[in-house]
Amino acid sequence: MHPRMVTHQAEGLRMNTKDTLTVVVSGTPVEVKANENEELLVIIKEALKEAKQTARPPEDWTLRGSADENSTALSPKSKLRDYGLTLASTLWLSLGSGGGGAQ
Amino acid sequence: MNSQSLKPQSAEPVTGAGSVPQRSIEPAPSVQRDETVGSSDSLDRAIAASSDVVRRDLSLQLVDPSVSRAKFDREVRNYRAMESEYLRRGWILLQATFPQVAVLFAAPQIVPTPIILGVIVDFTNYDFWAASVRFVHPFTLAPLSLGEMPTAFWKRNAPPLLQSHQDQVPFLCVRGVREYHNHPAHSNDPWLAYRGTGVGTLYQILDILHRHGIAPLTGFGFQVTSMQVQIGLGPPDPTKVPE
(Lines give C-alpha, C1' and ligand atoms only; values in the text may rest on other atoms or scores of the structure.)
Protein backbone atom coordinates (compact mmCIF):
# COMPACT_ATOMS: atom_id res chain seq x y z
CA MET A 1 0.00 0.00 0.00
CA HIS A 2 1.27 3.45 -0.86
CA PRO A 3 2.41 5.37 2.22
CA ARG A 4 0.13 8.32 1.28
CA MET A 5 -2.90 6.01 1.41
CA VAL A 6 -1.99 4.93 4.92
CA THR A 7 -1.73 8.58 5.94
CA HIS A 8 -5.13 9.37 4.43
CA GLN A 9 -6.70 6.41 6.22
CA ALA A 10 -5.21 7.55 9.49
CA GLU A 11 -6.60 11.03 8.96
CA GLY A 12 -10.00 9.55 8.23
CA LEU A 13 -9.90 7.55 11.44
CA ARG A 14 -8.92 10.61 13.40
CA MET A 15 -11.85 12.56 11.92
CA ASN A 16 -14.30 9.82 12.79
CA THR A 17 -13.18 9.73 16.37
CA LYS A 18 -13.03 13.50 16.85
CA ASP A 19 -15.16 14.58 19.76
CA THR A 20 -14.38 18.28 19.70
CA LEU A 21 -15.53 21.06 17.44
CA THR A 22 -13.67 24.22 16.45
CA VAL A 23 -15.63 27.39 17.14
CA VAL A 24 -14.15 30.78 16.26
CA VAL A 25 -15.43 33.21 18.88
CA SER A 26 -14.97 36.78 17.67
CA GLY A 27 -11.78 35.69 15.95
CA THR A 28 -10.47 33.42 18.72
CA PRO A 29 -10.51 29.73 17.73
CA VAL A 30 -11.42 27.40 20.60
CA GLU A 31 -12.05 23.66 20.80
CA VAL A 32 -15.20 22.52 22.59
CA LYS A 33 -16.37 19.03 23.42
CA ALA A 34 -19.46 18.34 21.38
CA ASN A 35 -21.55 15.74 19.62
CA GLU A 36 -23.67 16.10 16.54
CA ASN A 37 -26.94 15.45 18.35
CA GLU A 38 -26.90 18.17 20.96
CA GLU A 39 -28.51 21.58 20.60
CA LEU A 40 -26.30 24.29 19.18
CA LEU A 41 -27.14 26.44 22.20
CA VAL A 42 -25.09 24.04 24.32
CA ILE A 43 -22.18 24.41 21.93
CA ILE A 44 -22.55 28.20 21.95
CA LYS A 45 -22.45 28.32 25.75
CA GLU A 46 -19.44 26.00 25.88
CA ALA A 47 -17.57 28.01 23.26
CA LEU A 48 -18.22 31.31 25.02
CA LYS A 49 -17.07 29.79 28.29
CA GLU A 50 -13.92 28.40 26.66
CA ALA A 51 -13.17 31.75 25.03
CA LYS A 52 -13.84 33.54 28.34
CA GLN A 53 -16.56 35.60 26.68
CA THR A 54 -19.29 35.31 29.26
CA ALA A 55 -20.02 39.02 29.74
CA ARG A 56 -22.71 38.96 27.07
CA PRO A 57 -25.57 36.44 26.90
CA PRO A 58 -25.65 33.80 24.15
CA GLU A 59 -28.58 35.61 22.50
CA ASP A 60 -26.25 38.49 21.58
CA TRP A 61 -24.14 36.17 19.44
CA THR A 62 -24.79 34.85 15.95
CA LEU A 63 -23.60 31.36 15.01
CA ARG A 64 -22.75 30.57 11.40
CA GLY A 65 -21.50 27.47 9.66
CA SER A 66 -18.80 29.43 7.87
CA ALA A 67 -17.21 32.84 7.88
CA ASP A 68 -18.98 33.51 4.59
CA GLU A 69 -21.20 36.57 4.96
CA ASN A 70 -23.88 34.84 2.88
CA SER A 71 -24.13 31.84 5.16
CA THR A 72 -27.33 31.75 7.16
CA ALA A 73 -27.37 32.13 10.92
CA LEU A 74 -27.79 28.79 12.66
CA SER A 75 -30.71 28.43 15.04
CA PRO A 76 -29.52 27.73 18.61
CA LYS A 77 -32.36 25.22 18.96
CA SER A 78 -31.13 23.15 16.03
CA LYS A 79 -28.46 20.48 15.91
CA LEU A 80 -25.31 20.21 13.86
CA ARG A 81 -26.75 17.40 11.74
CA ASP A 82 -29.81 19.54 10.88
CA TYR A 83 -27.49 21.67 8.76
CA GLY A 84 -25.39 18.80 7.46
CA LEU A 85 -22.49 19.90 9.65
CA THR A 86 -20.14 17.55 11.46
CA LEU A 87 -17.51 17.81 14.17
CA ALA A 88 -14.99 18.39 11.38
CA SER A 89 -16.75 21.68 10.57
CA THR A 90 -15.70 25.06 11.93
CA LEU A 91 -18.41 27.30 13.35
CA TRP A 92 -18.19 31.08 13.72
CA LEU A 93 -19.67 33.05 16.62
CA SER A 94 -19.88 36.78 16.00
CA LEU A 95 -21.41 39.89 17.48
CA GLY A 96 -23.38 42.40 15.44
CA SER A 97 -22.15 45.91 14.73
CA GLY A 98 -23.43 48.63 17.02
CA GLY A 99 -23.13 52.18 15.82
CA GLY A 100 -23.81 54.08 12.66
CA GLY A 101 -26.26 56.26 14.52
CA ALA A 102 -28.69 53.38 14.96
CA GLN A 103 -27.89 51.02 17.78
CA MET B 1 -25.12 52.94 -13.35
CA ASN B 2 -23.55 55.76 -11.48
CA SER B 3 -20.35 55.11 -9.66
CA GLN B 4 -20.80 58.41 -7.88
CA SER B 5 -23.69 56.88 -5.97
CA LEU B 6 -21.12 55.01 -3.93
CA LYS B 7 -19.88 58.22 -2.38
CA PRO B 8 -21.32 59.12 1.00
CA GLN B 9 -24.12 61.63 0.63
CA SER B 10 -22.40 64.06 2.91
CA ALA B 11 -19.15 63.94 0.99
CA GLU B 12 -17.56 67.28 0.34
CA PRO B 13 -15.34 67.92 -2.67
CA VAL B 14 -12.32 65.67 -2.69
CA THR B 15 -9.48 67.30 -0.88
CA GLY B 16 -6.94 64.55 -1.48
CA ALA B 17 -4.70 62.68 0.86
CA GLY B 18 -2.28 65.57 0.77
CA SER B 19 -4.69 67.64 2.83
CA VAL B 20 -4.03 65.45 5.83
CA PRO B 21 -1.11 66.88 7.79
CA GLN B 22 1.96 64.72 7.41
CA ARG B 23 4.08 65.17 10.48
CA SER B 24 6.87 63.01 11.64
CA ILE B 25 6.42 62.28 15.31
CA GLU B 26 8.53 59.59 16.84
CA PRO B 27 6.91 57.15 19.24
CA ALA B 28 7.51 57.54 22.95
CA PRO B 29 10.78 55.88 24.02
CA SER B 30 8.91 53.42 26.19
CA VAL B 31 7.16 51.93 23.17
CA GLN B 32 9.02 48.91 21.92
CA ARG B 33 8.79 48.57 18.16
CA ASP B 34 9.34 44.94 17.43
CA GLU B 35 8.37 43.26 14.22
CA THR B 36 5.91 40.45 14.53
CA VAL B 37 5.28 39.82 10.87
CA GLY B 38 7.25 40.81 7.83
CA SER B 39 10.32 42.93 7.63
CA SER B 40 10.44 46.10 5.61
CA ASP B 41 11.76 49.43 6.82
CA SER B 42 10.16 51.25 3.90
CA LEU B 43 6.79 49.66 4.67
CA ASP B 44 7.22 50.62 8.31
CA ARG B 45 7.86 54.19 7.26
CA ALA B 46 4.85 54.22 4.94
CA ILE B 47 2.57 52.92 7.67
CA ALA B 48 3.99 55.35 10.20
CA ALA B 49 3.61 58.30 7.84
CA SER B 50 0.04 57.34 7.07
CA SER B 51 -1.12 57.41 10.64
CA ASP B 52 -0.07 60.76 11.95
CA VAL B 53 -2.99 61.05 14.34
CA VAL B 54 -2.44 57.57 15.68
CA ARG B 55 1.24 58.17 16.25
CA ARG B 56 0.46 61.34 18.12
CA ASP B 57 -1.36 59.08 20.59
CA LEU B 58 1.86 57.15 21.21
CA SER B 59 3.13 60.05 23.26
CA LEU B 60 0.25 59.27 25.61
CA GLN B 61 1.29 55.73 26.49
CA LEU B 62 -0.82 54.96 29.55
CA VAL B 63 -0.65 51.19 29.66
CA ASP B 64 2.51 49.21 30.28
CA PRO B 65 3.62 48.59 26.67
CA SER B 66 4.32 44.95 27.50
CA VAL B 67 0.65 44.48 28.38
CA SER B 68 -0.58 46.08 25.18
CA ARG B 69 2.05 44.15 23.29
CA ALA B 70 0.89 40.81 24.72
CA LYS B 71 -2.69 41.59 23.74
CA PHE B 72 -1.56 42.75 20.32
CA ASP B 73 0.35 39.48 19.84
CA ARG B 74 -2.75 37.53 20.84
CA GLU B 75 -4.85 39.34 18.25
CA VAL B 76 -2.28 38.68 15.51
CA ARG B 77 -1.87 35.06 16.61
CA ASN B 78 -5.63 34.51 16.43
CA TYR B 79 -5.65 36.06 12.98
CA ARG B 80 -2.82 33.84 11.79
CA ALA B 81 -4.66 30.75 13.08
CA MET B 82 -7.51 31.38 10.63
CA GLU B 83 -5.58 33.26 7.96
CA SER B 84 -6.42 30.95 5.06
CA GLU B 85 -10.12 31.58 5.68
CA TYR B 86 -9.56 35.32 5.81
CA LEU B 87 -7.52 35.24 2.61
CA ARG B 88 -10.45 33.51 0.93
CA ARG B 89 -12.59 36.48 1.95
CA GLY B 90 -10.05 38.85 0.41
CA TRP B 91 -8.25 40.02 3.54
CA ILE B 92 -4.50 40.41 3.09
CA LEU B 93 -2.47 41.04 6.22
CA LEU B 94 0.26 43.29 4.91
CA GLN B 95 2.18 43.82 8.10
CA ALA B 96 1.76 43.46 11.85
CA THR B 97 4.27 45.51 13.78
CA PHE B 98 3.36 46.50 17.30
CA PRO B 99 1.23 48.52 17.78
CA GLN B 100 -0.21 48.52 14.26
CA VAL B 101 -1.69 46.00 11.85
CA ALA B 102 -2.07 46.88 8.17
CA VAL B 103 -4.70 44.92 6.22
CA LEU B 104 -5.79 45.23 2.60
CA PHE B 105 -9.32 44.37 1.49
CA ALA B 106 -9.95 42.82 -1.91
CA ALA B 107 -13.38 41.90 -3.26
CA PRO B 108 -12.94 38.33 -4.58
CA GLN B 109 -16.62 38.14 -5.55
CA ILE B 110 -15.76 40.53 -8.41
CA VAL B 111 -13.71 39.35 -11.42
CA PRO B 112 -11.17 40.75 -12.10
CA THR B 113 -10.75 41.23 -8.38
CA PRO B 114 -10.16 44.80 -7.22
CA ILE B 115 -8.32 45.74 -4.06
CA ILE B 116 -10.75 48.18 -2.49
CA LEU B 117 -8.82 49.83 0.34
CA GLY B 118 -6.42 49.35 3.21
CA VAL B 119 -6.84 49.89 6.92
CA ILE B 120 -4.36 50.40 9.71
CA VAL B 121 -5.61 49.17 13.06
CA ASP B 122 -3.67 50.67 15.95
CA PHE B 123 -3.49 48.94 19.33
CA THR B 124 -1.78 51.69 21.33
CA ASN B 125 -2.87 51.39 24.97
CA TYR B 126 -5.02 48.39 24.04
CA ASP B 127 -7.25 47.36 25.64
CA PHE B 128 -7.51 50.28 28.04
CA TRP B 129 -8.24 52.17 24.85
CA ALA B 130 -10.19 50.66 21.99
CA ALA B 131 -8.25 49.99 18.79
CA SER B 132 -8.14 52.84 16.28
CA VAL B 133 -9.05 52.32 12.62
CA ARG B 134 -7.59 54.46 9.82
CA PHE B 135 -8.46 54.08 6.15
CA VAL B 136 -5.52 54.21 3.77
CA HIS B 137 -4.79 53.84 0.07
CA PRO B 138 -3.96 50.14 -0.53
CA PHE B 139 -0.67 50.83 -2.33
CA THR B 140 0.67 54.11 -0.98
CA LEU B 141 -0.83 53.68 2.50
CA ALA B 142 -1.62 57.39 2.41
CA PRO B 143 -4.66 58.32 4.53
CA LEU B 144 -7.90 58.55 2.58
CA SER B 145 -10.22 61.52 2.89
CA LEU B 146 -13.98 60.99 3.01
CA GLY B 147 -14.30 61.87 -0.67
CA GLU B 148 -11.71 59.28 -1.62
CA MET B 149 -13.42 56.40 0.16
CA PRO B 150 -14.55 53.75 -2.33
CA THR B 151 -17.23 52.37 -0.02
CA ALA B 152 -19.53 53.81 2.62
CA PHE B 153 -19.95 50.73 4.87
CA TRP B 154 -23.67 50.51 4.42
CA LYS B 155 -26.08 49.42 7.13
CA ARG B 156 -29.61 48.42 6.27
CA ASN B 157 -32.25 50.92 7.40
CA ALA B 158 -29.62 53.04 9.13
CA PRO B 159 -27.01 55.66 8.29
CA PRO B 160 -23.72 54.33 6.87
CA LEU B 161 -21.09 53.28 9.38
CA LEU B 162 -18.61 55.63 7.72
CA GLN B 163 -18.67 59.09 9.26
CA SER B 164 -16.31 62.06 9.35
CA HIS B 165 -15.63 65.29 11.14
CA GLN B 166 -15.23 68.65 9.44
CA ASP B 167 -11.63 67.73 8.64
CA GLN B 168 -13.00 65.11 6.18
CA VAL B 169 -10.99 62.34 7.85
CA PRO B 170 -13.31 59.34 7.73
CA PHE B 171 -13.80 57.07 10.71
CA LEU B 172 -15.73 53.89 11.43
CA CYS B 173 -18.68 54.75 13.64
CA VAL B 174 -18.94 51.40 15.39
CA ARG B 175 -18.68 50.23 18.99
CA GLY B 176 -15.27 48.83 19.75
CA VAL B 177 -13.48 51.42 17.60
CA ARG B 178 -11.60 54.21 19.35
CA GLU B 179 -12.94 56.94 17.07
CA TYR B 180 -16.52 55.95 17.92
CA HIS B 181 -16.01 56.00 21.68
CA ASN B 182 -13.98 59.23 21.56
CA HIS B 183 -16.72 61.00 19.62
CA PRO B 184 -18.60 63.54 21.79
CA ALA B 185 -21.91 62.10 20.61
CA HIS B 186 -21.02 58.77 22.20
CA SER B 187 -19.80 59.97 25.56
CA ASN B 188 -22.62 57.91 27.11
CA ASP B 189 -21.36 54.72 25.45
CA PRO B 190 -17.83 54.26 26.82
CA TRP B 191 -15.38 51.66 25.56
CA LEU B 192 -14.82 50.31 29.07
CA ALA B 193 -18.40 49.02 29.05
CA TYR B 194 -17.45 46.71 26.15
CA ARG B 195 -13.82 45.89 26.89
CA GLY B 196 -13.26 42.16 27.00
CA THR B 197 -16.72 41.28 25.72
CA GLY B 198 -15.74 40.23 22.22
CA VAL B 199 -16.27 43.72 20.84
CA GLY B 200 -13.32 45.55 19.29
CA THR B 201 -11.10 42.57 18.56
CA LEU B 202 -9.03 42.67 15.37
CA TYR B 203 -11.28 40.03 13.83
CA GLN B 204 -14.51 41.77 14.81
CA ILE B 205 -13.37 45.08 13.36
CA LEU B 206 -12.21 43.49 10.10
CA ASP B 207 -15.40 41.42 9.93
CA ILE B 208 -17.57 44.54 10.22
CA LEU B 209 -15.54 46.29 7.54
CA HIS B 210 -15.91 43.26 5.28
CA ARG B 211 -19.61 42.64 5.83
CA HIS B 212 -20.70 46.27 5.50
CA GLY B 213 -18.20 47.64 3.01
CA ILE B 214 -16.82 44.88 0.81
CA ALA B 215 -19.27 41.96 0.65
CA PRO B 216 -22.19 44.05 -0.71
CA LEU B 217 -20.14 45.10 -3.74
CA THR B 218 -21.22 43.23 -6.86
CA GLY B 219 -19.16 44.54 -9.75
CA PHE B 220 -17.93 47.49 -11.70
CA GLY B 221 -20.04 50.31 -13.01
CA PHE B 222 -19.43 52.98 -15.56
CA GLN B 223 -20.60 56.50 -16.18
CA VAL B 224 -20.54 58.43 -19.45
CA THR B 225 -20.26 62.19 -19.16
CA SER B 226 -19.10 64.67 -21.80
CA MET B 227 -17.72 61.96 -24.08
CA GLN B 228 -15.72 60.50 -21.19
CA VAL B 229 -16.22 57.07 -19.76
CA GLN B 230 -15.46 56.60 -16.09
CA ILE B 231 -15.24 53.14 -14.63
CA GLY B 232 -15.62 52.52 -10.92
CA LEU B 233 -17.28 50.19 -8.50
CA GLY B 234 -20.96 49.60 -9.06
CA PRO B 235 -23.65 50.12 -6.43
CA PRO B 236 -23.97 47.57 -3.62
CA ASP B 237 -26.48 44.75 -3.68
CA PRO B 238 -29.10 45.90 -1.13
CA THR B 239 -29.86 42.32 -0.16
CA LYS B 240 -26.26 41.84 0.95
CA VAL B 241 -26.15 44.92 3.16
CA PRO B 242 -26.28 43.72 6.79
CA GLU B 243 -28.65 45.12 9.39
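This is a short tour of a predicted model, going from chain A to the interface and then into chain B.

In this predicted model, local features need pLDDT of at least 70 and side-chain atom pairs count only at pLDDT 80 or more, while totals for chains, interfaces and linings use all residues. Residues are numbered from 1 along each chain as its sequence is written, and chains are lettered from A and ligands numbered from 1 in the order in which they are written.

**Chain A**

Select chain A and colour by secondary structure. There are 2 helices and 4 strands, arranged along the sequence as α-β-β-α-β-β. Helices (H or I, at least four residues) and strands (E, at least two) are DSSP runs, numbered from the N terminus. Of the 103 residues in chain A, 27% are buried; a residue is buried if 20 or more other C-beta atoms, placed from the backbone, lie within 10 Å of its own. Among contacts in chain A with a separation of 6 or more, 55% join residues 24 or more positions apart. Two residues are in contact if their C-beta atoms, placed from the backbone, lie within 7 Å.

**The sheet of chain A**

Now pick β1 (residues 20-25) of chain A, which pairs with β2(A) in the antiparallel sense over 6 bridges. Opposite A:Thr20 is A:Lys33 in β2(A).

**The interface**

Switch to both chains: 29 residues of chain B are in contact with 19 residues of chain A. On the chain B side, the elements giving two or more residues are α3 (65-81), α4 (83-89) and α6 (202-214). The largest share, 8 residues, comes from α6(B). By class, this side has 15 nonpolar (Ala, Val, Leu, Ile, Met, Phe, Trp, Tyr, Cys and Pro), 6 charged (Asp, Glu, Lys and Arg) and 8 polar residues (the others, Gly among them).

**A stop inside chain B**

Finally, select B:Val136, found in strand β5 (residues 132-136) of chain B. B:Val136 counts as buried because it has 23 C-beta neighbours inside 10 Å. From B:Val136, B:Gln228 is 92 residues away in sequence and 28 Å away in space, C-alpha to C-alpha.

Terms used:
Buried ≥ 20, exposed ≤ 12 C-beta atoms within 10 Å, placed from the backbone. Pairing = 2+ DSSP bridges.
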